[in-house]
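I opened this one to look at domains, chain contacts and sheet order. My entries are below.

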Amino acid sequence: MFFKKKESRSPAVKENKKVGIRGILVFENTSEVIRAENLLKSKGWKIRVMGPPPEIRSGCDLVIEFPLIEELSILRALKEADVPPLQVVPVNSPLLLPVDIFHHRDFGRYLMVRAANMKLTVDKETQLIVNVSGGGCPDVPYLAREMVGKTLTDAPAPREIGHTLCGYALQLAYEEAKRKCLQS
Amino acid sequence: MLAVIGTIPEEDFPLVEGKVILEKDSIRIGERQVPVSRGTPALLAAAIKVCEVLNLPLPYGYLIGDIGMGRGSRRLYEYLVKNLPSNSSAVITFHYLQPDVDLHNKVLFAVEEMASRPILIADAGFMYAAKMSGESEAYDLFTPDAGELAFLADEEAPHPFYTRGFILHDEMRIPDLITRAYDYNNAARYLLVKGSRDHIASRQGVHAVIDSPADEAMEAIGGTGDTLTGIVSALIFSGLEVLDAAVLGARINRIAGHYACPTPASQVSDVIAHIPEAMEEVLEGKKKRYEKSCL
């Protein structure tokens, strides 16, 4: 089929029933969240990027959910890396789960992957990123400018240069495109 | 005046306001030149094309650099809070700004202080902020895509990234999502839902569905939603009712895209170049040339 739609679910997102034993780290902006996430994951902590509870929500937000029991060592690591959180808050209610459904559209030579509101289109023959579309945060045009025209392996990852939830969604689409195009 | 408020993807681009002109594949505001790729420059380029065809004053831009850190957006919000009360724009289109609920609300208060209330259009990040603030009904037109419509329909989602799974971004469900968005007061007076079929709706239901010409590759091309918002903004500025402008704008954008013989690797500047002939066809009832083959 020429236009084939598929859906798949990210393995990273599970159920959200850890109220009481988990805490959240609140940062000044999404780029700090992404830096902290990279650091904590590289050190092996089981953390997740989530949406904040309504009482601390201000706009384009992400927080990091972590096991409260490990608060001290996590805070020490973040301080040493110069990304200290603004607040540490126990989880008292279920957090928002990021969108975890990917849509694929196969245009023959090109594959478009959508995660949430972000779409990434790749030339399957050359692995060249030919378009980035969707999204409404101001880093989207910037990310598009930096990524379009480069291959999946040469392009900067959105999590390295993006700053917002749209950038984070584009990272998911980018990872999914790499799974689809570089494994085949 | 048609005012367009948005950001430029350059960190050091200063806050500038002024008439915006189109020079080949770049827009110029004052001494600054910006390539038209996507985002607010693409919206402006499309609006300029329409204004040129209709002999209207060119759009007036309020622009600042922001690559997602939000600093530029916040400066622009604060500038608007201070300066909008004395502004006399007939139409204001808000575009790529970092969503910020508190600053959005201050901007809306500033609009209410204007001598004559302009027609308000919101797209991209500013539309997200309008929905999160619970003030969607203050706007005359939102221009979401299907994913963003699902976000409007989800009364709990603060961003499209958190739209709950049971609210699917399925184009087949667009009429249901429109109804849900209005039920929770999270939609503007009119919605123009951009997609493989463009839906124009209000609280009364879907007024029109524009689905031809159908070029599926348009979905992949970054900036084609921005050009549609720009075309409709300029048509409203020309004096058309919002509903009529949305219907005509959707047709013009599709035909311009079709004339570009789009592939998923096409760029939005290819589409913008064809806006004048698409307008000629739609507004002057010229023969349906768009049925020509691109092969």
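**Entry 1: domains of chain A.** I noted at the start that this is a predicted model. I looked up the domain assignment of chain A. It gives domain 1 as 22–90 and domain 2 as 101–182. I then took the centres of domain 1 and domain 2 of chain A over C-alpha atoms, and they are 25 Å apart. Six residues from domain 1 of chain A and six residues from domain 2 of chain A make the contact. I sorted the domain 1 side by class. It holds three nonpolar and three polar residues, and no charged ones.

**Entry 2: chain A against chain B.** I counted the interface next. Here 41 residues of chain A touch 39 residues of chain B. Which elements of chain A give two or more residues to that side? I found β7 (110–115), β8 (118–123), β9 (128–134), α3 (139–147) and α5 (165–182) of chain A. The most comes from α3(A), with six residues. By class, the chain A side has 21 nonpolar, 15 polar and five charged residues.

**Entry 3: the sheet of chain B.** I traced the strand order. Chain B has an open sheet of 11 strands with mixed pairing. I wrote the order as β4-β3-β2-β5-β1-β6-β7-β8-β9-β10-β11. The edges are β4 (32–35) and β11 (205–210) of chain B, and each pairs on one side only. At one end, I checked β10 (198–202) of chain B with β11(B). They pair in the antiparallel sense, over five bridges. I picked out B:I200 and found its bridge partner in β11(B) to be B:A208.

**Entry 4: helices on the sheet.** I looked at α2 (71–83) of chain B, which packs on the sheet and touches β1 (2–8) and β5 (60–65) of chain B. The direction of α2(B) makes about 140° with that of β5(B). Then I turned to α8 (242–259) of chain B. It lies across β7 (119–122), β8 (141–142), β9 (190–193), β10 and β11 of chain B. Against β11(B), α8(B) runs at about 25°.

**Entry 5: a helix pair in chain B.** How do the axes of α5 (146–153) and α6 (174–183) of chain B cross? I read roughly 35°, with the axes coming within 8 Å. The crossing of α5(B) past α6(B) is left-handed. From α5(B), I listed B:A146, B:L149, B:A150, B:L152 and B:A153 in the contact. From α6(B), I listed B:I174, B:L177, B:I178, B:R180 and B:A181. The contact of α5(B) with α6(B) has nine nonpolar residues, one charged and no polar.

Methods. Residues are numbered from 1 along each chain as its sequence is written. Chains are lettered from A and ligands numbered from 1 in the order in which they are written. This is a predicted model: local features need pLDDT of at least 70, side-chain atom pairs count only at pLDDT 80 or more; totals for chains, interfaces and linings use all residues. Domain bounds come from an automatic or database domain assignment. Two residues are in contact if their C-beta atoms, placed from the backbone, lie within 7 Å. Ala, Val, Leu, Ile, Met, Phe, Trp, Tyr, Cys and Pro count as nonpolar, Asp, Glu, Lys and Arg as charged, and the others, Gly among them, as polar. Axes are lines fitted to C-alpha atoms, for helices over the stretch in contact, and angles run from 0 to 180 degrees between N-to-C directions. Helices (H or I, at least four residues) and strands (E, at least two) are DSSP runs, numbered from the N terminus. A crossing is left-handed if the near helix is turned anticlockwise from the far one by less than a right angle, and right-handed if clockwise. Two strands pair if DSSP finds at least two bridges between them.
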